Amino acid sequence: MLPVSWRRRSTVPQIEVGRREKVLAVTTAADGAVVAGTRDAFYLARDGETRRVPWEQVEAAGWDRDTDTFQLSEVGSWGEQRPVHTASLADPGRLLELVHERVTASIVLQRHVPVAHRRGLRVIARRAPSGEGGVHWVYEYDEGVDPDDPAVRAAAREALELARRDVGLP
């Protein structure tokens with residue numbers, strides 16, 4: 001064992017996470033924000049505030065290698081702006097791998113339903129990767145598809161009923 005004067009201090013950034021959660025990947029952004037992931041959620045701590053986004057509420061995430069920019073957007077409601085979180089990460093470490101794995105684990109079913117030729121909507125069933133909680137159903141509409149169109153609404157209802165039966169839910 002090295003003398004105390006030779007021990008290296010930990011450079012792993014610290015972040016508070018939920019009870020019974022353990023940080024699986026963590027890194028620091030260029031602005032000092034801490035970006036982390038647990039089995040259950042994505043965390044972003046910046047300016048004294050910590051944002052927790054459960055994996056089943058992540059709509060999309062990606063990293064631009066050219067600009068070192070990580071971006072994560074939350075599931076939103078049609079016609080409303082989705083919350084988007086960005087961070088400049090010189091070294092994303094295991095975070096990108098964890099985000100991909102956890103978001104994928106939250107998807108129970110994803111099915112594209114054509115409405116007009118190739119355009120249509122997706123019926124998506126998601127739940128917490130831990131299996132806790134219920135299944136959340138969402139629609140995602142292709143560009144140019146109007147969710148207020150009666151034909152689109154009928155197709156969405158029919159697709160949801162079929163998907164629920166396929167998954168074994170009433």
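Strands, like helices, are DSSP runs numbered from the N terminus (helices H or I with at least four residues, strands E with at least two). In a regular strand the side chains alternate between the two faces of the sheet. The model is predicted, so that local features need pLDDT of at least 70 and side-chain atom pairs count only at pLDDT 80 or more, whereas totals for chains, interfaces and linings use all residues. Residues are numbered from 1 along each chain as its sequence is written, and side-chain values use heavy atoms, with hydrogens and water left out.

E7 belongs to an open sheet of three strands, in the order E5-E6-E7 and with antiparallel pairing. Its edge strands are E5 and E7 (84-88), each of which pairs on one side only. From one strand to the next, the twist averages 10 degrees; axes are lines fitted to C-alpha atoms, for helices over the stretch in contact, and angles run from 0 to 180 degrees between N-to-C directions. Two strands are taken to pair if DSSP finds at least two bridges between them. Between E6 (residues 69-74) and E7, which run antiparallel, there are five bridges. Within this pairing, Gln 71 stands opposite Thr 86 in E7.

The loop between E5 and E6 contains Asp 68. This residue has a positive phi of about 60 degrees although it is not a glycine. Most residues other than glycine have a negative phi. Asp 68 is partly exposed, with a relative accessible area of 26%; buried means under 20%, exposed over 50%, and partly exposed in between, with a 1.4 Å probe and protein chains only. Asp 47, in the loop between strand E3 (41-46) and strand E4 (49-54), also is not a glycine and has a positive phi, of about 55 degrees. Asp 47 counts as exposed, at 74% relative accessibility.

A further aspartate, Asp 142, is found in the loop between E10 and helix H2 (150-167). Asp 142 is buried, at 16% relative accessible area. A polar atom of its side chain lies 2.8 Å from the backbone nitrogen of Gly 120.

Of its 16 lining residues, the closest to the centre are Glu 59, Arg 82, Val 138, Tyr 139 and Glu 140. A pocket is an open set of points on a 1 Å grid over the protein atoms alone, where a 1.4 Å probe fits, with protein on both sides within 12 Å along at least five of seven lines; lining residues have an atom within 4 Å of a point. At least two lining residues come from each of E5 (58-64), E8 (107-116), E9 (119-126) and E10 (136-141). The lining comprises nine nonpolar, three polar and four charged residues.

The second largest pocket has a volume of about 240 Å³. Among its 13 lining residues, Glu 21, Asp 40, Arg 52, Ser 130 and Glu 132 lie nearest its centre. Here the lining divides into two nonpolar, two polar and nine charged residues.

Terms used:
Ala, Val, Leu, Ile, Met, Phe, Trp, Tyr, Cys and Pro count as nonpolar, Asp, Glu, Lys and Arg as charged, and the others, Gly among them, as polar. Grid points are joined across faces, edges and corners, and a volume is the space filled by probe spheres set on the points. A polar contact is a pair of N or O atoms within 3.5 Å; within protein, one must be able to donate a hydrogen and the other to accept it, and residues adjacent in sequence count only if both atoms are side-chain atoms.
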